Structure formats: structure tokens, C-alpha cells
Amino acid sequence: MTKEEAFVAIIQEHEGIIYKITTVYTNSVSEQQDLYQDIVYQLWRAYDSFRGESKVSTWMYRVALNTAFSRIRKEKRQPRSVALDHLKIRQAEPYDKQFEERLRAMYEQIDQLNSLDKGLILLLLEGKKYEEIGEITGLTKSNVGTRISRIKERLRNKMTKKA
Amino acid sequence: MELEELQQVWTELSREVEKQKKLNHKIIMEMTQQKYRRKFDKVTRYETAGTVICILSAGFVLFNFDKLDTIFYQACGVFAIVFLVVLPLSVLRALKKIKAIDLINNTYKDTIVAYTKAKNRLLFLQRVGVFSSFIFFFVTLVLTGKIVHDKDIFQETEIWYFVVLVLIGLLFFSRWGYRMYLKITGSAENLIEDIKP
């Protein structure tokens, strides 16, 4: 298998990771496509240095989140209202209305967070343990725990205020 | 939404995403090339707009060519038309060539050779553009005076103040434009360096 084939196979297997990260960090179809391309390009750049010491998914999350962070830093993007348009770009068939509403509500909640917290909640929702989240983000396990507790608290407070 | 509910929606979303895998080999490798092409997109847009203006101006000179009644004016007219048509189209062609370099299917050596050739051509055209734009400026004044006012515009004393001002502006604009090209090509070169096997 050539380097190119191996890279393509990895991207194909884990394309969901890139998709989900781009939906969390962008607000429009064009922004999402740009970030998507940027992430694939950065993964290709970094592919040679990937030694297989961590899981492929861990490496991908790390590169993809760093690409998203650096893009946000460059663009100094401010949080804006959540448009659902860009969440639909890969749908063959539309989601049902109820799921779409829940999806919108979920992204609205995530969009309230700062970029690092967005990454943390995304990894938590992906079912990652604190240790792996730390490995991806470069935070210590205890720091991850503290930050996630704060995020949970904030989400709970928002719920209470809404109610 | 509590975390548990977020988790449910996220899991459902993940299931949907897994069902709809869309990337194929070609799309993935194209993405790695898109970034290189995009380096030249903005400058191509400016050059395209400039080319349209140049061609319209060439049309204007051509349309009024009968007003150019001496060999000198006619020579100026021909120079202006050639300058306004050939140079912008050559720049667009050079940009098209540099964007078309296939970073994925070429070997690294072929990419470097093709890129260096295309870059040198593009920068050469820019230098030609910079130097000939000074001559073109005088030709434009001659032609404007003749076509619009039917007189030798250099007989007017005030015109020289305008000439000096425009020449200074042109000097800065040319330097800025050429440096922009150097910056873009330099940054594209770094991208090519990234794909080094």
C-alpha cells in the first residue's frame, strides 16, 4: 500500500471526525468546506510524522482541533447564531424535523462555549476518557476534569435560566 | 439541554454520519491540492477584472483609431492596443499554468521544475508590466489628448504636475504589486515544500 493509499484509507475510515469538528467550529457551508479542506491538508502534511504511537483517531482529533483553533485565531471569529445549513451538506435525505430541532438546540448550546471548551465537550460527547482528551488537547487529566465540570455546570445553569 | 441529552443527539448524529460516508480517493487528494490553487485565486480575480478593463480600453482606442492622423499617433495607438491586450492575457495564461500544476500525480521533482518555470514566467511578465507601464502612461496621455481633445496635451504646463504625481504613484503601486506576487509565489513554494516525500 502506498503512502497515499494508506492516508486515504485512514481519512475514509475516520471522515466522521473531521465532519463533526467542522460543524462545531463553523457557521456556514463555505466556512465548513474551507475548514474541511484545511484539516485534510494539515493531516496530509502531518502524516509523515505520525508514528503510530497513539491511536489514529487521537492523532486526527489533535491535528483537526489544532487546525480549527488556529483558523479561529487567524479570523478572530466571534460566536454567531447557529445556522443549520452547513449541517446538511452531507445528508442524502433530510433529517426528520424533530431530530433537526434537537440538533439545532445541541449546536446552540455548544456554540455558547469558547473554542477550547467546544473541543472538550466534542471529545466528551465522542465518548473519550479524560486521559485521552488530555492527550489530544495537551491538558492534564485533572485540568480536563475541572474544565468539563465547569462546562457541565454552565449547561445546567443555562437550562435552569431557560426554565 | 443537559449533558445526557446532548450525548443522545450526538450519538444519533454520529450514526447518521457513519451511514453517509462520502469521501473517495480523488476527493481526498484533491483537498490537499485545493490550498495550493487557492493561493492564486484572489490574484486571478483581480487580474481578470483588470483584463476586462484593459480590453475595453483597447476597444476604445481601436474605435477611435481614425482620429490618430499621423504615424506617431498611430504608432502610439498600436502600442496601446498591443499592451492592453497581450500583457493581461499573458498574465492570465501564466496564472492558469501555475494553478494547473498537478501536485498529486506529478513526482516532486516534476512539480518543482514545472513550478519554477511557471513562477519565473509569471514574475517576468510582472517585471515587463512594471517597466512598460511607465511608457504606457505617456502613450495614454498622448492618445487621450489626441482622441478626447484633439491636441498635444504636453503643450499644457499643468500636465507636468499631474505627470510627476502619477509617476510617483505608479512607482509605489508597481512595487506593491510586484511584492504581492513575490509573497504569493513564496507562500505557494512553501506549500510545495510540504509535499516533499
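## Exercises on buried charges and a positive patch

Asp117(A) is buried, with a relative accessible area of 4% (buried means under 20%, exposed over 50%, partly exposed in between, with a 1.4 Å probe and protein chains only). This is a predicted model, where local features need pLDDT of at least 70 and side-chain atom pairs count only at pLDDT 80 or more, while totals for chains, interfaces and linings use all residues. Residues are numbered from 1 along each chain as its sequence is written, chains are lettered from A and ligands numbered from 1 in the order in which they are written, and side-chain values use heavy atoms, leaving out hydrogens and water.

**Exercise 1.** Work out why helix H6 of chain A is largely enclosed by the rest of the structure.

*Solution.* 
1. H6 spans residues 115-125 of chain A, and nine of its eleven residues are buried, so the rest of the structure largely encloses it.
2. Among the buried ones are Asp117(A), Lys118(A) and Gly119(A).
3. Lys118(A) forms a salt bridge with Asp111(A) (3.2 Å, N to O), and both of these residues are buried.
4. Asp111(A) belongs to helix H5 (residues 97-111) of chain A.

**Exercise 2.** Locate the patch of positive charge on the surface and name the helices that give two or more residues to it.

*Solution.* 
1. Patch members have over 30% relative accessible area and no salt bridge; like charges are joined within 9 Å, and nonpolar side chains (Val, Leu, Ile, Met, Phe, Trp, Tyr) within 5 Å.
2. Arg93(B), Lys96(B), Lys97(B), Lys117(B) and Arg121(B) gather there.
3. Helix H4 (71-99) and helix H5 (108-149) of chain B each give two or more residues, and H4(B) gives the most, with three.
4. As a check, take Lys97(B) from H4 of chain B: at 47% relative accessibility, Lys97(B) is partly exposed.

Definitions and conventions. Areas by Shrake-Rupley, 256 points an atom, 1.4 Å probe, with all protein chains shown as cover. Salt bridge = Lys/Arg side-chain N within 4 Å of Asp/Glu carboxyl O. Lys, Arg positive; Asp, Glu negative; His and termini not counted. Charge placed at Lys NZ, Arg CZ, Asp CG, Glu CD. Helix = DSSP H or I, 4+ residues; strand = E, 2+ residues; numbered from the N terminus.
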